[in-house]
Protein chains: 2
Amino acid sequence: MLPEALQSAIDALGALPGVGPRTAERYAYYLFRSSPKLSSSIVDALKNLHSGVKSCPVTFALIDASEEISPLYDNPARDKSTVLVVEEPLDIYAIENTRTFKGTYHVLGGAVSPIDGITPDKLHIAELISRVEKDGVLEVIIATNPSIEGESTALLLQKLLEEKYPELKITRLARGLPLGVDLSYADQITLSAALENRTKL
Amino acid sequence: MLPEALQSAIDALGALPGVGPRTAERYAYYLFRSSPKLSSSIVDALKNLHSGVKSCPVTFALIDASEEISPLYDNPARDKSTVLVVEEPLDIYAIENTRTFKGTYHVLGGAVSPIDGITPDKLHIAELISRVEKDGVLEVIIATNPSIEGESTALLLQKLLEEKYPELKITRLARGLPLGVDLSYADQITLSAALENRTKL
């Protein structure tokens with residue numbers, strides 16, 4: 001019933017995550033009403049997305065296709081003896097934005113989730129284990145998400161790393177109250193952790 | 001800090017309405033992780049969006065670029081003596097989906113809103129007024145949105161049409177309780193209208 005070109009745009013944009021038919025309609029109609037420049041900028045950006053980005057072969061961070069290795073690893077100012085392990089490449093930028101971490105990163109590529117078919121061999125765990133020896137890593141900071149999958153991945157990593165390197169320091173990000181969340185809204189587990197790991201003033 | 005191609009995609013997608021930096025990041029990363037086919041389908045659809053869609057010169061509905069006039073007007077089965085007036089082209093499809101309207105449409109192209117610079121001369125009001133005479137219109141159904149702008153546009157249309165065609169029947173969509181909304185949640189104006197326009201069982 002709608003013009004074919006508009007319907008195609010709605011269908012294509014409806015494939016974005018969390019975008020239902022009404023939102024896709026809104027996006028497509030907005031683009032149609034706006035200057036063609038806006039659509040062109042999306043077209044140009046998406047054309048180069050796959051060819052312009054690749055994974056770092058050491059850390060599995062996302063890098064420019066023209067780069068060999070992630071600059072966050074290659075840079076001599078980064079301390080290779082500390083490795084912070086995250087699930088997804090974009091998690092790196094959340095940590096980098098704090099400007100307090102000077103070590104290097106390792107991206108697992110997800111968390112163990114047998115239901116979704118993500119078994120440990122699908123993650124970059126073997127590469128992490130060999131990196132520990134190769135780079136003389138002294139500390140591995142596990143920064144998987146505080147979800148069930150993230151927690152079981154953290155436990156698995158801890159087990160595998162301890163088995164192979166009994167001397168290695170293995171840590172994980174602290175649990176506690178986030179900024180701006182009212183005490184009465186905090187969940188039990190977070191609050192127990194905040195109490196248990198209380199810091200001296 | 002992010003790979004340039006990924007950052008470009010985030011920036012481009014962030015121009016969609018209601019899409020903030022986090023959502024744009026999610027869209028771009030999802031497209032990067034998915035098969036390049038998904039990005040290609042968006043690229044292809046957006047390339048043809050502006051060239052493939054145009055406005056009907058009579059009703060201002062959106063039509064295929066290959067069509068002359070909206071098929072919802074051109075079709076001899078549609079009753080040209082009844083014109084339903086909507087603000088935006090996509091409103092037509094909401095009405096069409098009810099499958100109960102057999103008249104024709106007229107798209108204003110928005111609602112009067114002096115703050116946003118939308119004065120009556122920016123809308124397709126003159127075209128509507130001349131259509132009444134040309135098509136021998138007997139009834140104009142005003143289906144602007146139940147917003148302040150929609151209401152003032154409806155009043156303006158009523159005034160202009162009554163002045164020129166004192167015999168013309170002018171109606172507007174009924175006000176009342178929508179399906180599934182609890183009485184206690186209905187606003188005062190809607191409830192007053194529902195009471196005033198009550199129908200006999």
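Is F60(A) buried or exposed? With a relative accessibility of 12%, F60(A) counts as buried, where buried means under 20% relative accessible area, exposed means over 50%, and partly exposed lies in between (1.4 Å probe, protein chains only).

Before going on, note that this is a predicted model, in which local features need pLDDT of at least 70 and side-chain atom pairs count only at pLDDT 80 or more, while totals for chains, interfaces and linings use all residues. Residues are numbered from 1 along each chain as its sequence is written, chains are lettered from A and ligands numbered from 1 in the order in which they are written, and side-chain values use heavy atoms, with hydrogens and water left out.

Stay with F60(A), which is found in the loop between β1 (53–55) and β2 (62–64) of chain A; these labels follow DSSP runs, numbered from the N terminus, with helices (H or I) of at least four residues and strands (E) of at least two. The phi of F60(A) is near 65°, a positive value in a residue other than glycine.

Next select R99(A), in the loop between α5 (91–96) and β4 (103–107) of chain A. R99(A) also has a positive phi, of about 55°, although it is not a glycine, but R99(A) is exposed, with a relative accessible area of 71%.

Now turn to chain B and select helix α3 (residues 36–52), whose 17 residues should span 24 Å at 1.5 Å a residue, and whose end C-alpha atoms are 24 Å apart, which agrees; the expected span is 1.5 Å times one less than the number of residues. Among the buried residues of α3(B) are L38(B), I42(B), L46(B) and L49(B). An α-helix has 3.6 residues a turn, so residues three or four places apart point the same way. What covers the buried residues of α3(B) includes α1 (4–13), α2 (21–33) and α3 (36–52) of chain A, where contact means heavy atoms within 4.5 Å.

Finally, show both chains together: 50 residues of chain B are in contact with 50 residues of chain A. The area buried between them is about 4,700 Å², of which carbon and sulfur atoms give 78%, buried area being the accessible area (1.4 Å probe) that two parts lose on being put together, summed over both. Select E88(A) and R33(B), which form a salt bridge with the closest N and O atoms 2.9 Å apart; the rule asks for a side-chain nitrogen of Lys or Arg within 4 Å of a carboxyl oxygen of Asp or Glu. To end, return to α3(B), which gives the most to the side of chain B that touches chain A, with 13 residues.
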